[in-house]
Amino acid sequence: MPGLDPGFTALPYRALGDVALQRARDLGATHADFRFERVRWQHVRVRDGALQGAADDQDLGFAVRVIHGGAWGFASGVHLTADEAVRVAEAAVEVAKVSSALVTLQVEIAPEPVYDDVTWVSSYAQDPFEVSLHDKAAVLLDWTDRLRRHEAVGHATAEVLCVHENKYYADLAGTHTTQQRVRLEPAFTAMGSDERRGIFDDMASICPPAGRGWEYVVGRPADGAWDWDAELAEVPDLLAEKLAAPTVQAGTYDLVIHPSNLWLTIHESVGHATELDRALGYEANYAGTSFATIDRLGSLTYGSPVMHVTGDRTIEHGLATIGYDDEGVATQSWDIVRDGTLVGYQLDRPMAHLHPELNPHDGLGRSNGCAYADSPGHIPIQRMANVSLQPSGDDTSTDDLIGRVEDGLYVVGDKSWSIDMQRFNFQFTGQRFYAIRDGELAGQVRDAAYQATTTDFWGSMEAVGGPDTWVLGGAFNCGKAQPGQVASVSHGCPTALFRGVRILNTDDEGAH
Amino acid sequence: MPGPRAVGSPVAATVQELVEHALATSTADDCIVIAHHTTSANLRWANNTLTTNGAMKRIDVAVVSFVRHAGGPASGSMSGSASTREQVAALVAAADEAARSADPASDAQDLVSGAAAAEWADPPRETDIHVFDTFAPALGEAFQRARGGGRVLYGFVDHRVTTTYLASSTGLRLRHVQPTGHYGCTGKSADLSNSAWVGGATRDFVGVDPLALEAEVERRLGWGARQVDLPAGRYDSILPPTAVADLMIDAYWYAGARDAHDGQSVFSRHGGGTRIGDQVARPEVTLLSDPAYPGLECASHVAVSSSGDDQSVFDNGLPLDRTAWIDHGRLSALRQTRETAALTEQPVTPAIDNLVLDVEGAAGSIDDLVSDTERGLLLTCLWYIRAVDPQTLLLTGLTRDGVYLVENGEITGAVNNFRFNESPVDLLRRFSHASATVPAFSREWGDDYFSRTAMPALRVPDFNMSSVSQAR
């Protein structure tokens, strides 16, 4: 496994951190942390056999966060000099002074052991930034060429987004962490039309983004790579079938939902709803709050008894996985919904201080390690852990679940998504909906969306598949906070069976 | 242990020096450098107290190199935080190498040439936390007033100033200063059963008064004294300018010429080509962008660091002029590069960073629309808007922080929230009344993506509320 990138370790983060923290201490900060980051991004995009664009970006800088006068202050900069480290520390204290006059609740943070100079590197084999642009483009060009050989495919795009992230964190308590993560999101879309019906549509890969290296694209499926050959071979036929499929009849259906679709429903209706900052109102002006308020902990029936949801920042290849969070907290795993009941939240250190009872396992009232900032220029806030639905303990297969449905739909792949500001009402579409008749798949239908209220939906979950159906899905583009921040997060889940869910016909919805 | 000033030997340079150093260092056939100098400051609050606040500064440099291959020019792009000549030189080396190893670009065009603008040598403009020196103490008073009235405030103010320097090996030296600011305040009743929102855009925070915002929140929460539950259905609905902005921004983003030409958008013609020239909206409707629109001024030239469906690095420096996307109801332009303009045989109309909806003959305010409505809904804003069907541009989303019942021209209560399924293009055909166009701020997209809009309020006689949301 690769070690820390020497190009990062050569940067002067330790010295800058020492200078900044000392200045914050001298100015009277009761807490100060220093975060130095280098985040590299690369996006390569191909359309119809031609390289459409390739862009590399690098976010390099540092931030100082202080508690001074009982208020937070934060400042960031990009000049990697001692003078700038001092200036940024002073600016952070200045921001705290402006804020302290308006603060009615003095900021304090939960305790955490000191980790003196620890390192952590995510699990990957080949750093995608060590692969040439030419080689990456060649893979994507081949994908669009293969897709466009099928008569149903008029146009095709392929792209990959690669990220290499280094973080150094230090605080006045003495913690020093140096970490490195790699992740990537490969994707393709095939587009087609049916001139006779006057319709067009597309079908995208259902490959989830992952905390893996370039081996995810060019490696063997037996070693964890996505099976691109199989998917590139089947998608054009699936698109042709979709273009010729009948439109769905709106109504109430039993649904069998594949992990490639269900991960997003978990993200929106469980992941965000169990972020404590939302439950406490901190996101009320932007991302919203949550119906899962803290007074309902231990009593809210979130779903059926087969619903077991965990939070973690530790699973291998998870997009939110890391050794220590952006407040120097060692990451953990815990229950969020157990036997259908709400039992846990996602925390950072200030919220854990307010509610030490929410991390009962260690008896110290620690945070469970969900602080994250997407850039050295942004303030760490509570961001989502890998929130995952656990499989059944038996060997229930997807076919078994489909076999239990008389008249229903089987949903594969995510597409459109939307949920309200308290995480009640949601609506999702998918890459493909198959009719289920008497326990068998009976071809695709078009124009379907499922719409439900969170607790009704999870309450209708009759069964979950076994471990063989479990897939770690996820997203690169989870948005939250003001100023806006983007986070990557994974969600694992098995195939699951839901009874009596409302299905819309989207053509009918738009008709006038 | 180094001394407090011993760390970091590189010497910081001015932004113009960085840009010129990049051009001088590049060994490619041509080079374009775009530097963004950004300072920002923000305050955030919840539960009547400040939460997280910050002041940020960054310099981002994008280097686009061009190398002529036998099959045509190729481009390579590298961008990143940079404040020293050494950092910029590293970006240049990577961009040059990327251009040398890239295949010829499908969007290749002659680079734009020109000379130095008069303001090129001017330093970046900046902001800092003191932009809130008047706002912050008044916000404290607003907290006290809200607490005294049994209300809870949540909100955010952000001010940023970005100075962009664009220079090319073909002589361009362009500078643009973009101040951007916005404010939003959500208020809830003490039992959290009633919610309201006010917000807007500003370039400088002059005149933004937290006490006035709090007073408006109080007025709107007062409308919620009577709660009315209504079922899903089609309602005569008044969309305020902020909600119209929410929807029109989506219509603008989906108006790319590439997708339309390739048969994958609501603006594609059956059988091939785009729908440019078709009547897509009521004849009074004009949807336009204009870099010089008063109060919404934005960059008057293209400045992009990578190519995509609707933008091209080869187009950097192209002048931007007023563009009507829909002109008196007819689709008149789509977002184009020079490459797609040739493909679609249309004028070059690149994206512009503002959007204005004008309804000819419309006058009056949203209050006039309310007073003319016998029974309907008044919305506050929309949320979590996503495309469901690109064929019709059907969007789904939700009402948020205030849906009010209008009866006989008066607001008589607050209604539950709804999920809607609607197409913004179809709404421009179906609306029955419009107010005058005024500055508007999209709640959904204004914070992070698109804050410069001017919109009318629209009354739509049959807005599709697909289901009820329990959110309060």
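Predicted model: local features only at pLDDT ≥ 70, side-chain atom pairs only at ≥ 80, totals over all residues.
1. Let me start with the contact between the two chains. On one side, 100 residues of chain B take part, and they touch 94 residues of chain A. About 7800 Å² is buried between chain B and chain A, with carbon and sulfur atoms giving 51% of that area.

2. The interface of chain B and chain A holds six salt bridges.

3. Which element gives the most to the side of chain B that touches chain A? That is strand S2 (residues 49-69) of chain B, with eleven residues. By class, the side of chain B that touches chain A has 40 polar, 32 nonpolar and 28 charged residues.

4. Now to the helices within chain A. Helix H2 (residues 13-26) and helix H3 (residues 82-100) of chain A pack with their axes 8 Å apart, at an angle of about 35 degrees, and their crossing is right-handed. From H2(A) come A:Leu16, A:Val19, A:Ala20, A:Arg23 and A:Ala24, which meet A:Ala82, A:Ala85, A:Val86, A:Ala89 and A:Glu90 of H3(A). The contact of H2(A) with H3(A) is made of eight nonpolar and two charged residues, with no polar ones.

5. A further helix pair in chain A joins H4 (residues 133-148) and H6 (residues 228-244), at an angle of about 35 degrees and with axes 9 Å apart. H4(A) passes H6(A) in a right-handed crossing. Here A:Trp143, A:Arg146 and A:Leu147 of H4(A) meet A:Trp228, A:Asp229, A:Leu232, A:Val235 and A:Pro236 of H6(A). This contact of H4(A) with H6(A) counts six nonpolar residues, two charged and no polar.

6. Finally, a word on salt bridges as a whole: the count over all chains comes to 66. One of interest within chain A pairs A:Lys242 with A:Asp201, whose closest N and O atoms are 3.4 Å apart. Because A:Lys242 lies in helix H6 of chain A and A:Asp201 in strand S7 (residues 199-204) of chain A, the pair ties together parts that are 41 residues apart in sequence.

Methods: Residues numbered from 1 in each chain as written. Chains lettered and ligands numbered in written order. Heavy atoms only, no water. Axes fitted to C-alpha atoms, helices over the stretch in contact; angles between N-to-C directions. Helix = DSSP H or I, 4+ residues; strand = E, 2+ residues; numbered from the N terminus. Left-handed = near helix turned anticlockwise from the far one by under 90°. Contact = heavy atoms within 4.5 Å. Nonpolar A, V, L, I, M, F, W, Y, C, P; charged D, E, K, R; others polar. Buried area = accessible area lost by both parts, 1.4 Å probe. Salt bridge = Lys/Arg side-chain N within 4 Å of Asp/Glu carboxyl O.
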